[in-house]
Amino acid sequence: MRSGNEPVTARSPLRLRLWLSVWGLIWSAAGAAAFSLAGRPGWAAACAAVFVLAAVDMVVVVRHIRQGPHYQPGRDIPPYEPPHER
């Protein structure tokens, strides 16, 4: 059922985003190390920048997960009730 308020009541898949940021951390750290050992400082810096972005994203996601069901509802919490018009 579509109520027209989906952007307001949308839920974010935070656990998926957490695992994607972990994946980004692993690959960017490996890339930065490999490119620095290969003598490519530009690519190593780019991988280091991606590492920083993934780390910041992970901190934000973990913060939202810890804030509780308002940000990460479980399967037992029903969707938000659409606003009723007066």
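Trainee: Before we start, what are the ground rules here?
Mentor: Residues are numbered from 1 along each chain as its sequence is written. This is a predicted model, where local features need pLDDT of at least 70, side-chain atom pairs count only at pLDDT 80 or more, and totals for chains, interfaces and linings use all residues, while side-chain values use heavy atoms, with hydrogens and water left out.

Trainee: OK, how many helices and strands does the protein chain have?
Mentor: Three helices and zero strands, running α-α-α from the N terminus. Helices (H or I, at least four residues) and strands (E, at least two) are DSSP runs, numbered from the N terminus.

Trainee: And what share of the residues is buried?
Mentor: Buried residues make up 19% of the 86 residues in the chain. Buried means under 20% relative accessible area, exposed over 50%, and partly exposed in between, with a 1.4 Å probe and protein chains only.

Trainee: Let's zoom in on S28. Where is it found?
Mentor: S28 sits in helix 2, residues 14–37.

Trainee: Is S28 buried or exposed?
Mentor: Buried, because its relative accessible area is 5%.

Trainee: Which backbone oxygens does its side chain reach?
Mentor: A polar atom of the S28 side chain lies 2.6 Å from the backbone oxygen of G24, and the side chain also reaches the backbone oxygen of L25 at 3.3 Å. A polar contact is a pair of N or O atoms within 3.5 Å; within protein, one must be able to donate a hydrogen and the other to accept it, and residues adjacent in sequence count only if both atoms are side-chain atoms.

Trainee: What about S21, buried or exposed?
Mentor: S21 is in helix 2, and it counts as buried because its relative accessible area is 4%. Leaving out neighbours within four places, S21 is in contact with A54, D57 and M58.

Trainee: Which residues of helix 2 are buried, then?
Mentor: L14, L18, S21, L25, S28, G31 and A32. What covers them includes helix 3.

Trainee: And which residues of helix 3 are buried?
Mentor: A44, C47, A54 and V61, and they pack against helix 2.

Trainee: How do the two helices sit against each other?
Mentor: Helix 2 and helix 3 pack at an angle of about 160 degrees, with their axes 8 Å apart. That makes helix 2 roughly antiparallel to helix 3. Axes are lines fitted to C-alpha atoms, for helices over the stretch in contact, and angles run from 0 to 180 degrees between N-to-C directions. Angles under 35 degrees count as roughly parallel, over 145 as roughly antiparallel, 65 to 115 as roughly perpendicular and the rest as oblique.

Trainee: Switching topic, what about the span of helix 3?
Mentor: Helix 3 has 26 residues, which should span 38 Å at 1.5 Å a residue, and its end C-alpha atoms are 37 Å apart, which agrees. The expected span is 1.5 Å times one less than the number of residues.

Trainee: Last one: where is A46, and how accessible?
Mentor: A46 is in helix 3, residues 41–66, and counts as partly exposed because its relative accessibility is 35%. The C-alpha atoms of A46 and F35 are separated by 9.8 Å, with the two residues 11 apart along the chain.

Notes. Contact = heavy atoms within 4.5 Å.
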